[in-house]
Amino acid sequence: MGCAVSQNKLAISAVIVTKNEERVINRCLAALQDFDEIVVVDSGSTDRTCDLARAGGARVVDFVWNGQYPKKRQWCLDHLELAHDWVFFVDADEVATPDFIAELCRLDFSDQARVRGYFVKGLYVVDDQGQERILRHGLHNNKLCLIDRRAIQFPVINDLDIEGMGEIEGHYQPVLRPDMGAGLLGEIKAGILHYALEDRAAWEARHQRYAVWERGMNARQAWPKDPVAWRECLKRLFRAMPCRPQVAFFHSYIWKRGFLDGRSGYAFAQSRARYYRMITAKN
């Protein structure tokens, strides 16, 4: 199997990149206790993030960005002394589910498997009239974030003078290292929970910044290739489409059956449309 080590822990290093995440860090850490190693890489938090992380069993490493590449996640791959080659990048507002952990335990992480990374699906969690609800349909956040650090890297792109992202890599996937030759990419069937929508004001503010960055990336045609050919084709097609806000709404609400999530699915599809209106808006 390649994953079980002493005390029945997963031989994977879980890495959380943080800045002022005291509101959510405990929930994230509590769900990672089956991992053999948890590392929090913090960018000068002024709240209790680091203290809570240490209390939750994580090793805390300080990060100061120098304004150049590598950005934060690749810096982690390049410079952190980790116990394992397999790394799970998880955001502080994400929570690993028991089904996700169980699936990892069944995977073969040995070199013979030739799989170098796994896409992980994030299921958005919303507040529906005071009740926590998981959006089972619509657009899901799908990231290549469970990776073999020997074989996967984040590409260097021409975005250092584009506002909006700063020290963290943008909305693109890491890629296979060119010196590694062939490698397979898989997908974890069980999702993790993504609580990005808990603070609506923060969500809108982040996406205002992201839209500025994405608008600059489109103008510069600076996007790196997605590591999966069919995904790359769809992304190119979507970027070339007129009426992207409407297409984004249709994709999430109709094609991905967001309507099955009721009013929450409709609200989320509307938020996708608003985001692409921000991207396509004239300065």
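Select Gln 173 in the loop between β9 (152-153) and β10 (175-176); helices (H or I, at least four residues) and strands (E, at least two) are DSSP runs, numbered from the N terminus. The model is predicted: local features need pLDDT of at least 70, side-chain atom pairs count only at pLDDT 80 or more, and totals for chains, interfaces and linings use all residues. Residues are numbered from 1 along each chain as its sequence is written, and side-chain values use heavy atoms, with hydrogens and water left out.

Gln 173 is buried, with a relative accessible area of 9% (buried means under 20%, exposed over 50%, partly exposed in between; 1.4 Å probe, protein chains only). Display its side chain: a polar atom there lies 3.0 Å from the backbone oxygen of Asn 142, and a polar atom of the Gln 173 side chain lies 2.9 Å from the backbone nitrogen of Leu 144. Beyond four places in sequence, Gln 173 also touches residues including Phe 119, Pro 155, Asp 226 and Arg 231 (contact means heavy atoms within 4.5 Å).

Next, select Phe 35. Leaving aside neighbours within four places in sequence, Phe 35 is in contact with residues including Lys 9, Ile 12, Phe 88 and Phe 100. Phe 35 is also among the residues with the most contacts inside the largest nonpolar core, which has 76 residues; such a core is a set of buried Ala, Val, Leu, Ile, Met, Phe, Trp, Tyr and Cys residues joined through side-chain atoms within 4.5 Å. Apart from that core lies another, of seven residues, among them Tyr 124 and Phe 268.

Finally, select Leu 260, in the loop between α7 (244-255) and α8 (262-280). Leu 260 counts as partly exposed because its relative accessibility is 44%.

Definitions and conventions:
Polar contact = N/O pair within 3.5 Å; in protein donor to acceptor, adjacent residues only side chain to side chain.
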